[in-house]
Amino acid sequence: MKILLTLFFLLFSSSVFANDISDFEIDGMSIGDSLLKYFSEKKINNAKKTNYPTSTKFIDVWLNSKTELYDEFSITIKENDKNYIIYSISGVINFINNFDKCLEFKKNVISELIILFPNVKQLDYEYIYEKVDDGKSIAYITDFDLANGSVRVYCQDFSKITENKRGWFDDGRVEVSTKEFLDWLGDHSY
């Protein structure tokens, strides 16, 4: 049975407290699925991509949401994978000029995850994007680590310099990622 992560409602069977990251869905999409189940190859190939500066193993594909739940998705796939297997998926909500609303969103999602994961310790921390522009952008992160991946909720507060230079906005995310991707990301992030 799949577990659907939504903004404020986590729908799950009371007999299922999943510890397998592939049991979760964000807007119907799951880790291990082919992105082709949800978007055409043309749409995927034409989408905005984010490359990591120190490795080309994984790329993020940015696609608009088809529902009102999220503004867009950041979906991580291996760069040359013709099957477009999903290793990480983030439901993204933009909070332009309203970072306090993002923190409220994060708090609400975390309260739902605590119910879903009563025996999983949450890890709260901040990550400063030191290598991005002026080094003053920061993410406020909460992780729930499972055996083969993680559910992460976070808000990104980008500096004015980064917002102006890159066109990035403050946002909130609900993210499901495989351990493989997270281990790789630890060595190849900004």
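This is a predicted model: local features need pLDDT of at least 70, side-chain atom pairs count only at pLDDT 80 or more; totals for chains, interfaces and linings use all residues.

A: Residues are numbered from 1 along each chain as its sequence is written, and side-chain values use heavy atoms, with hydrogens and water left out.

Where does Asp33 lie? You will find Asp33 in the loop between strand E3 and helix H1 (41-46); helices (H or I, at least four residues) and strands (E, at least two) are DSSP runs, numbered from the N terminus. Asp33 has a relative accessible area of 15%, so it counts as buried (under 20%; exposed is over 50%, partly exposed in between, with a 1.4 Å probe and protein chains only). Leaving out residues up to four places away in sequence, Asp33 touches Tyr38, Tyr84, Ile85 and Ile86, where a contact means heavy atoms within 4.5 Å.

Setting aside neighbours within four places in sequence, Ile44 is in contact with Leu35, Leu36, Phe39, Lys49, Val61 and Tyr84. Ile44 and Tyr84 are 40 residues apart along the chain, yet 8.9 Å separates their C-alpha atoms.

Leu35 also leads us into the largest nonpolar core, where Met29, Leu35, Phe39, Ile75, Ile89 and Phe117 touch the most other members out of 38 residues. Such a core is a set of buried Ala, Val, Leu, Ile, Met, Phe, Trp, Tyr and Cys residues joined through side-chain atoms within 4.5 Å. At least two residues of this core come from each of E3 (24-26), E5, E6, E7 (88-94), helix H2 (99-116), E9 (138-146), E10 (149-157) and E11 (171-178). Helix H2 gives the most, with seven residues.

Next, follow the strands. Eight of them form an open, antiparallel sheet in the order E4-E5-E6-E7-E11-E10-E9-E8, with two strands counted as paired if DSSP finds at least two bridges between them. E4 and E8 (122-128) are the edge strands, each pairing on one side only. From one strand to the next, the twist averages 20°.

Now look at strand E5 (residues 55-64). Seven of its 10 residues are buried, so the strand is largely enclosed by the rest of the structure. E5 runs antiparallel to E4 (residues 48-52), with five bridges joining them, and a hairpin of two residues connects E4 to E5. The bridge partner of Thr50 is Asp60 in E5. E5 is also joined to E6 (residues 72-78), again antiparallel, by seven bridges, and Trp62 stands opposite Ser74 in E6.

Further across the sheet, E9 and E10 pair in the antiparallel sense over nine bridges, and Tyr140 has Cys155 in E10 as its bridge partner. Helix H2 packs on the sheet, touching E7, E8, E9, E10 and E11, and its direction makes about 165° with that of E10 (axes are lines fitted to C-alpha atoms, for helices over the stretch in contact, and angles run from 0 to 180 degrees between N-to-C directions).

What joins Cys102 to Cys155? It is a disulfide, with the sulfurs 2.2 Å apart (the rule asks for cysteine sulfur atoms within 2.5 Å). The pair links distant parts of the chain, as Cys102 is in helix H2 and Cys155 is in strand E10, 53 residues apart. The torsion about the S-S bond is about -105°, so this disulfide is left-handed. Both Cys102 and Cys155 are buried.

Finally, step back to the whole protein. It has four helices and 11 strands, and buried residues make up 49% of its 190 residues. Among contacts between residues at least 6 apart in sequence, 53% join residues at least 24 apart.
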